[in-house]
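Please look over the sequence and the model shown below before reading the notes that follow. They are grouped by topic.

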Amino acid sequence: VDLSTTIAGAHLDNVFFNASGVWCQHEEELQALLESGSGSLITKSATYEHREGNPSPRYLPLPSGIGSINSMGLPNEGYEYYLNYARKFDYTHAKPLFISLSGLSLADNVKMVEAFVQANLPCILEVNFSCPNVPGKPQLGYDIDAMDAALATLAPLIKKPFGIKLPPYFDIAHFDQVAAVVNKYDNLAYVTCINSVGNGLAIDLDTETALIKPKDGFGGLGGLMVLNTALANVNAFYRRLPGKQVIGVGGVVSGKEAFLHILAGASAVQIGTQLKEEGPAMFDRIKKELTEIMEKKGYKSVEEFRGKVKTL
Ligand SMILES: O=C(O)c1[nH]c(=O)[nH]c(=O)c1Cl
């Protein structure tokens, strides 16, 4: 079966890659993704300066096994590290490179975008509007006018097809409002849905203590428990963004959830929590599982069923 796809004009041999933030902060991790069964790779969201991020423990899988909680706080090597990586990257390689940018201000995003545009590299830029874990920095994804204003500045600067990382929305009116903004920008080629479900709280029964240290234990939720919110956001934006694409992320632990994301409309599928827990070998497992599901159902390519979820 054919698991290949094209995102923002770049060809991926298979639909899978890492969720930004997981296995992608350092070159060694990115190299492991290059050598894995993934179809692509995306870097950890970059800020203008290097950041240590929040104090640990700041990521944990939940004892219940249904997901994870993180309040990393945007730890990253600073954007120049990723710009240098993008300069050295072998673009003849079968895997396209995505670069995630998450400036702490519009000015920082402008400076980082200008540097990448100046470098004129084949990598695809993705602006992260949805980090929920920087104390004192409300995420732009929930300030729709501010996100629109940022895009009005960034889209013309980027010129080429690019994407944005969105938080989960939980109200039909918000799907409508965000889609109206996204549809204003022709080169905004795709949206990645969803980022973690922000500011959850995990508490340990025995110690009666929050699991993670930052922000009184408040952190973004991921893993299987967010699957159905992720599917809704993928399908809501698939229905509302004609001519654009959706990358699905959230709750993919096997070929089954990947199949559901594609059925909901995803052109590619990213994996975070499960990749963090299982490591890059996971990609070979999940590709095999999706292939088996497709063979059983008689689908030869992901194109045949993308977005074809039925309603009653
Ligand atoms: O705390 C983080 O670094 C983080 N954690 C997330 O769950 N999503 C993000 O976009 C980021 Cl930037």
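Predicted model: local features only at pLDDT ≥ 70, side-chain atom pairs only at ≥ 80, totals over all residues.

Does Tyr81 count as buried, partly exposed or exposed, and what is its relative accessibility? Tyr81 counts as partly exposed, because its relative accessibility of 24% lies between the limits of 20% and 50%.

**Aromatic rings**
- The structure holds twelve aromatic pairs, and one of them joins Tyr81 and Tyr82, which is edge-to-face because the planes stand at 70°, over the limit of 60 degrees; the ring centres are 5.1 Å apart.
- Tyr82 has a relative accessible area of 1% and is therefore buried, whereas Tyr81 is partly exposed.
- A cluster linked by ring pairs is made up of Tyr142, Tyr169, Phe175 and Phe237.

**Nonpolar cores**
- The largest nonpolar core has 85 residues, and the members that touch the most others are Ile164 and Phe237; helix H4, residues 144–158, gives the largest share of this core, with seven residues.
- Another core, of twelve residues, lies apart from the largest one and includes Ile7, Phe98, Ala189 and Tyr190.
- Beyond its neighbours within four places in sequence, Ile164 is in contact with residues including Glu126, Phe129, Leu151, Val182 and Tyr190.

**Ligand surroundings**
- Among the residues around the ligand are Lys44, Asn70, Met72, Gly73, Asn128, Cys131 and Ser196.
- On its own the ligand has 310 Å² of accessible area, of which the protein covers 92%.

Key: Residues numbered from 1 in each chain as written. Heavy atoms only, no water. Core = buried A, V, L, I, M, F, W, Y, C linked by side-chain atoms within 4.5 Å. Buried < 20%, exposed > 50% of the residue type's maximum accessible area, 1.4 Å probe, protein only. Helix = DSSP H or I, 4+ residues; strand = E, 2+ residues; numbered from the N terminus. Contact = heavy atoms within 4.5 Å. Near = heavy atom within 4 Å. Areas by Shrake-Rupley, 256 points an atom, 1.4 Å probe, with all protein chains shown as cover. Phe/Tyr/Trp six-rings, centres within 6.5 Å; stacked < 30°, edge-to-face > 60°.
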